[in-house]
Amino acid sequence: MKVSGYSNCTLANGEGARVELYVSGCSLHCKGCFSKEAWDFNYGVEFTPEFEEKVLKDISEKYCDGISILGGDPLEKENLPTIKKLLRKIKEKYPEKTVWLWTGRKKSEVIQDKELLALTDVIKSGAFVEKLKCNGKYFGSSNQEIWYSKTLAPYEDKDKFNEHAIKTVVVEKVERSSLKNECLDDQCCSA
Ligand code: SF4
């Protein structure tokens with residue numbers, strides 16, 4: 001997996017002070033995308049074991065509330081195994097830190113992955129649609145949704161542009177403890 005951007009402390013994407021990781025590679029090619037350079041899976045620098053160590057160290061800092069993962073798209077099949085491997089380590093070592101994830105995939109597609117739901121806290125889903133462009137706090141077009149991944153309830157954002165996302169969905173609650181040390185991803189080589 002390649003990384004197109006990184007910050008050890010941002011206040012922009014998610015609540016509190018956060019590590020911010022932008023992965024490379026997105027096959028959706030939304031018209032008007034603000035990060036076209038990150039469509040290329042080979043753009044940026046390699047996410048090496050050393051890079052992963054740095055992420056884990058940065059997250060461990062007292063001021064850090066968690067990690068935000070953006071792209072590109074972290075849920076591309078080329079990226080997902082590495083993302084899950086990182087998130088398993090984060091949730092194992094720092095269960096109190098939150099994980100926010102941005103994807104262009106639809107919510108109906110994202111919720112199929114129960115392990116992903118267990119490893120994340122808040123997900124922004126949906127492709128960018130230029131004609132629905134808006135100034136959402138954490139999203140760019142009004143078709144997109146932000147929701148708590150454990151319950152699939154809408155993220156309680158005060159941002160008025162998020163009102164479209166008020167849809168409460170009751171689903172099976174995923175218990176992360178039941179997934180501990182268990183890799184459910186066939187493409188992932190090791191935990
Ligand atoms: S999903 Fe995001 S990164 Fe991918 S093309 Fe759309 S706006 Fe760009």
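User: Where does Lys-57 lie, and is Lys-57 buried or exposed?

Analyst: The model is a predicted one. In it, Lys-57 is part of helix α1. Within 10 Å there are 12 other C-beta atoms, and a residue with 12 or fewer is classed as exposed. Lys-57 in helix α1 is therefore exposed.

User: How many residues apart in sequence are Lys-57 and Asn-8, and what is the C-alpha to C-alpha separation in space?

Analyst: Along the sequence, Lys-57 and Asn-8 are 49 residues apart. In space, C-alpha to C-alpha, the separation of Lys-57 and Asn-8 is 9.5 Å.

User: Helix α1 packs with helix α2; are the two roughly parallel or roughly antiparallel?

Analyst: Helix α1 covers residues 49-60 and helix α2 residues 80-93, and their axes are 11 Å apart. The packing angle is about 30°, and angles under 35 degrees count as roughly parallel. The relation of α1 and α2 is therefore roughly parallel.

User: Is the crossing of α1 and α2 left-handed or right-handed, and which residues make the contact?

Analyst: The crossing of α1 and α2 is right-handed. On the α1 side the contact is made by Glu-52, Val-55, Leu-56 and Ile-59. On the α2 side it is made by Leu-86, Lys-89, Ile-90 and Lys-93.

User: How many nonpolar, polar and charged residues does the contact of α1 with α2 have?

Analyst: Among the contact residues of α1 are Val-55, Leu-56 and Ile-59, and among those of α2 are Leu-86 and Ile-90; Val, Leu and Ile count as nonpolar. Glu-52, Lys-89 and Lys-93 also take part, and Glu and Lys count as charged. By class, the contact has five nonpolar, no polar and three charged residues.

User: Where is Thr-98 found, and which residues does Thr-98 touch, not counting residues up to four places away in sequence?

Analyst: Thr-98 is in strand β5, which spans residues 98-102. There are 18 C-beta neighbours inside 10 Å, so Thr-98 counts as partly exposed. Leaving aside residues up to four places away in sequence, Thr-98 touches Asp-65, Gly-66 and Asp-121.

User: Is Ile-111 buried or exposed, and which residues does Ile-111 touch beyond four places away in sequence?

Analyst: Ile-111 sits in the loop between α3 (107-110) and α4 (114-119). Since 20 C-beta neighbours lie inside 10 Å, Ile-111 counts as buried. Its C-alpha atom is 8.1 Å from that of Ser-149, 38 residues away along the chain. Beyond residues up to four places away in sequence, Ile-111 touches Leu-117 and Leu-152.

User: What is phi of Leu-152, and is Leu-152 buried or exposed?

Analyst: Leu-152 is placed in the segment after β7 (145-148). Phi of Leu-152 is near 65°, a positive value in a residue other than glycine. With 20 C-beta neighbours inside 10 Å, Leu-152 is therefore classed as buried.

User: Which two residues are joined by a cis peptide bond?

Analyst: Gly-72 is in the loop between β4 (66-70) and α2. The bond has omega of about 15°. The residues joined by this cis peptide bond are Gly-71 and Gly-72.

User: In which strand does Cys-9 lie, and which residues does Cys-9 touch beyond four places away in sequence?

Analyst: Cys-9 belongs to strand β1, residues 2-10. It is partly exposed, because 13 other C-beta atoms are within 10 Å. The C-alpha atoms of Cys-9 and Val-19 are 5.0 Å apart, at ten residues along the chain. Not counting residues up to four places away in sequence, Cys-9 touches Ala-17 and Cys-64.

User: Which residues come nearest to the ligand?

Analyst: There are 13 residues around the ligand. By class, this shell has seven nonpolar, five polar and one charged residues. Those that come nearest are Cys-26, Cys-30, Cys-33, Gly-104 and Phe-128.

How values were computed: Residues are numbered from 1 along each chain as its sequence is written. This is a predicted model: local features need pLDDT of at least 70, side-chain atom pairs count only at pLDDT 80 or more; totals for chains, interfaces and linings use all residues. Axes are lines fitted to C-alpha atoms, for helices over the stretch in contact, and angles run from 0 to 180 degrees between N-to-C directions. Angles under 35 degrees count as roughly parallel, over 145 as roughly antiparallel, 65 to 115 as roughly perpendicular and the rest as oblique. A crossing is left-handed if the near helix is turned anticlockwise from the far one by less than a right angle, and right-handed if clockwise. Two residues are in contact if their C-beta atoms, placed from the backbone, lie within 7 Å. A residue is near a molecule or strand if its C-beta atom, placed from the backbone, lies within 6 Å of it.
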